[in-house]
Amino acid sequence: MLLIRAIVRPEKKDEVLAGLSEAGFNAATMVDVVGRGKQKGIKIGGMVYDEIPKILILVVIPDGEKEKVVKVILSTARSRNEGAFGDGKIFVSPVEEAYTISKNALGL
Amino acid sequence: MKEIMAIVRMKKTGATKKALVATGVAGFTAVKVIGRGKLVTDTDELEKCREKLLALGLDEVSDAGDTETLVTSFLDGSRFFPRRLFTILAHDEDVPRIIEAITTANRTDYGIGDGTIFVLPVADAVRVRTGEAGEAAIW
């Protein structure tokens with residue numbers, strides 16, 4: 001299994017989640033986060049804003065589905081067609097085991 | 001060295017904390033998150049949940065029509081519910097014990113929505129105070 005952590009724009013969150021749900025990945029967890037990227041935040045006038053609000057979406061998926069999920073997030077989270085700075089990042093990490101508490105059993 | 005991510009009900013935060021302390025976990029982090037689970041397609045199960053929710057007497061605080069739509073939106077799987085995300089670092093051999101403790105503390109009669117536990121590998125950990133790394137940094 002794989003854990004997908006996607007950091008996306010707050011205004012794009014609904015689109016990303018709808019896309020994931022449509023692709024068959026309804027389960028997701030969200031956290032509000034602040035962060036900055038390679039551009040070191042945004043400079044507006046003399047002020048540098050380096051705590052930009054984003055949404056962190058956590059999705060755990062079976063091994064073979066990575067390409068599909070990443071494609072959905074990439075296509076829905078990108079602003080305009082060409083994309084822009086601040087659209088976010090996707091990180092993929094391995095998950096060794098998953099347990100569903102209500103079933104007291106191994107598996108997603 | 002493993003990282004255990006457990007998503008549990010808000011109301012079970014205290015019980016989970018107690019269970020973790022009793023198991024002998026050195027430390028953990030808890031974050032408020034919102035989340036939803038996989039789609040429930042079992043119609044019998046959904047009908048049971050619907051009856052339970054309607055029996056809660058929401059009519060007193062909303063119009064009859066509102067209750068119907070509210071309960072439907074609760075059950076169609078698109079709504080996000082508040083949950084608590086626990087992050088625990090553990091030695092490999094302690095993982096089954098901790099999972100057992102979290103599971104027993106969090107199972108409810110409702111079933112659906114009790115949460116999920118994920119176990120992730122950790123490459124390294126460093127204790128800031130002493131600088132010790134690896135297994136020694138956990139406890």
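User: Which domains does the assignment give for chain B?
Analyst: Domain 1 covers 1-36 + 81-139 and domain 2 covers 39-79. The bounds come from an automatic or database domain assignment. This is a predicted model: local features need pLDDT of at least 70, side-chain atom pairs count only at pLDDT 80 or more, and totals for chains, interfaces and linings use all residues. Residues are numbered from 1 along each chain as its sequence is written, and chains are lettered from A.

User: How many residues does each domain of chain B put into the contact?
Analyst: Domain 1 of chain B gives six residues and domain 2 of chain B gives eight. Contact means heavy atoms within 4.5 Å.

User: What separates the domain centres in chain B?
Analyst: 31 Å, taken over C-alpha atoms.

User: What about the overall spans of the C-alpha trace?
Analyst: Chain B spans about 60 × 25 × 25 Å along its principal axes. Its radius of gyration is 19 Å, whereas a compact globule of 139 residues would be near 14 Å. That radius is taken over C-alpha atoms, and the globule rule is 2.2 Å times the number of residues to the power 0.38.

User: Switching to secondary structure. What pattern does chain B follow?
Analyst: Along the sequence, β-α-β-α-α-β-α-β. That comes to four helices and four strands. Both are DSSP runs: helices are H or I with at least four residues, strands are E with at least two.

User: How much of chain B is buried?
Analyst: 38% of the 139 residues. Buried means under 20% relative accessible area, with a 1.4 Å probe and protein chains only.

Key: Side-chain values use heavy atoms; hydrogens and water are left out. Buried means under 20% relative accessible area, exposed over 50%, partly exposed in between (1.4 Å probe, protein chains only).
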